[in-house]
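Please read this briefing alongside the sequence and the model.

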Amino acid sequence: MRHVRLLRPRTVIRSALLAVSATTALGVPAPAAPQVKHYPLESTDGLRLQNVAAEPAVLQGKKGLRITMMSGETPQLAPIVGLEFDNGVIEAEIAGAPAPGVGEGARGFVGIAFRLQNDMRTYDAFYLRATNGRADDQERRNHAAQYISQPDWPWSRLRKENPSKYESYVDLLPGVWTKVKIDARGERARFYVHAQEQPTLIVNDLKTGTQGKGAVALWLDQGTVAHFRNLSVDTSSKSSSK
């Protein structure tokens, strides 16, 4: 009968170390660290609240965060702590609706800011005007999706100097979960809504420039009750754009 020699634990560990050393010597790269980060957004953990209040909430049977303004001060942001973004893909489910008792100008402004600087005022953002998607006025419909770059390029300046270039139509309903995706590469960005293969809005001159880098934040504007859930950020170099 053939005898099987059992290796001692110390011998097994030594063999494993030798295998790793051999792999390194052969130039085989070590497994890369995960580049996709997921944030369920079912609590305020990991968020910095800037002029907003946030609490867990359920909308349409799905868990997420409900975010509202604390005062009239701007900006209204909730940055993800410790997350830095320059190029890649940001995806989330968002919903916006006018807050109770606000004026007719409320639109349910909700979106995602990125490349946010430490001053909490300098950033790029894509957002939705939720009540514009099915408005009876075609001009309002054409302003359903918007790009801005604060503080120098608010929507009003972009619309005045470049009418229709930084906003577009997309079908929307207020208070309904809406999937959005931002694919940013250097000076170029694509904004996708409803998981569509083609972008709703194309921007080829992001104002933060080719070297823009900063935080990612949940974004809303005055008179809005906003909901956010299921955020993911992919900073890999490969674009997922179609």
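The mean pLDDT of the protein, where pLDDT is the predictor's confidence in each residue from 0 to 100, is 88, and 83% of its residues reach 70 or more. This is a predicted model, in which local features need pLDDT of at least 70 and side-chain atom pairs count only at pLDDT 80 or more, while totals for chains, interfaces and linings use all residues. Residues are numbered from 1 along each chain as its sequence is written, and side-chain values use heavy atoms, with hydrogens and water left out.

- Where pLDDT is low, the predicted coordinates should not be read in detail.

**Aromatic pairs**
- Rings of Phe, Tyr and Trp (its six-membered ring) pair if their centres lie within 6.5 Å, and planes under 30 degrees apart count as stacked, over 60 as edge-to-face and the rest as tilted; by this rule there are seven aromatic pairs.
- Phe114 and Phe126 form a stacked pair, with 6.1 Å from centre to centre and 10° between the planes.
- This pair links distant parts of the chain, since Phe114 belongs to strand 6 (residues 109-116) and Phe126 to strand 7 (residues 123-129), twelve residues apart (strands are DSSP runs of E, at least two residues, numbered from the N terminus).
- Both Phe114 and Phe126 are buried, a term for under 20% relative accessible area with a 1.4 Å probe and protein chains only.
- The ring centres of Tyr127 and Trp219 are 4.4 Å apart and their planes lie at 25°, so this pair is stacked.
- Tyr127 in strand 7 and Trp219 in strand 13 (residues 215-220) are 92 residues apart, and their pair links distant parts of the chain.
- Tyr127 is buried, with a relative accessible area of 2%, and Trp219 counts as buried at 3%.
- One aromatic cluster is formed by Phe85, Phe114, Phe126, Tyr147, Tyr166 and Phe191.

**Charges over rings**
- A charge sits over a ring if NZ of Lys or CZ of Arg is within 6 Å of the ring centre and within 35 degrees of the ring normal.
- Arg129 lies over the face of Trp155, at 5.7 Å from the ring centre, and Lys207 lies over the face of Trp153, at 4.3 Å from the ring centre.

**Asn51**
- Asn51 is found in the loop between strand 1 (36-39) and strand 2 (52-59), and counts as buried at 17% relative accessibility.
- Leaving aside its neighbours within four places in sequence, Asn51 is in contact with residues including Met69, Ser71 and Pro75.

Technical notes. Helix = DSSP H or I, 4+ residues; strand = E, 2+ residues; numbered from the N terminus. Buried < 20%, exposed > 50% of the residue type's maximum accessible area, 1.4 Å probe, protein only. Contact = heavy atoms within 4.5 Å.
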